[in-house]
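Please review the structure shown here together with the short briefing that accompanies it.

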Amino acid sequence: MNISGQDFIHGMSAVGAGIAMIAGVGPGVGQGIAAGLGANAVGRNPGARGTIMSTMILGQAVAETTGIYGFVVALILMFVKPFG
């Protein structure tokens, strides 16, 4: 089996893309926790629903950026071949 340098680079790009997609796990867990705690807070104080929901959605948007960055890195590693 003869593996060229290009094949090795493409293979390692695929491995790196897979590792980069692990970055999507953290935001998913964090957003689930935030949604659960937001629902709990609204259940305890329905009058503050608007404030709680807007703060929760803003926090989830900020948390999602890490997942999006990981996805962009994975796309770059898979489809941009700088040494090809």
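Predicted model: local features only at pLDDT ≥ 70, side-chain atom pairs only at ≥ 80, totals over all residues.

Residues are numbered from 1 along each chain as its sequence is written, and side-chain values use heavy atoms, with hydrogens and water left out.

**Overall form**

- The protein chain has 3 helices and 0 strands, where helices (H or I, at least four residues) and strands (E, at least two) are DSSP runs numbered from the N terminus.
- The order of elements from the N terminus is α-α-α.
- The radius of gyration of the protein chain is 20 Å, whereas a compact globule of 84 residues would have one near 12 Å; the value is taken over C-alpha atoms, and the globule rule is 2.2 Å times the number of residues to the power 0.38.
- Along the principal axes, the C-alpha atoms fill a box of roughly 70 × 20 × 10 Å.

**Burial, surface and contacts**

- Of the 84 residues, 15% count as buried (buried is under 20% relative accessible area, exposed over 50%, partly exposed in between, with a 1.4 Å probe and protein chains only).
- The protein chain exposes about 5,900 Å², of which carbon and sulfur atoms supply 74%; the areas come from the Shrake-Rupley method with a 1.4 Å probe.
- Among contacts with a separation of 6 or more, 77% are between residues 24 or more positions apart, a contact being heavy atoms within 4.5 Å.

**Helix α2**

- Helix α2 (residues 25-44) has 20 residues, which at 1.5 Å a residue should span 28 Å; its end C-alpha atoms are 29 Å apart, which agrees. The expected span is 1.5 Å times one less than the number of residues.
- Pro27, Gly38, Ala41 and Val42 are buried in α2. Seen down the axis of α2, its buried residues fall within an arc of 95°, so they line one face of the helix; the arc is that of the directions from the helix axis to the C-beta atoms.
- These buried residues of α2 pack against α3 (49-79).
- Exposed residues Val25, Leu37, Ala39, Gly43 and Arg44 lie on the face of α2 turned away from its buried side.

- Ser13 belongs to helix α1 (residues 5-20) and is buried, with a relative accessible area of 12%. Apart from neighbours within four places in sequence, Ser13 is in contact with Leu77 and Met78.
- Gln60, in helix α3, counts as buried at 18% relative accessibility. A polar atom of the Gln60 side chain lies 3.0 Å from the backbone oxygen of Gln31.
- Beyond neighbours within four places in sequence, Gln60 is in contact with Gln31, Ala34 and Ala35.

Methods
Polar contact = N/O pair within 3.5 Å; in protein donor to acceptor, adjacent residues only side chain to side chain.
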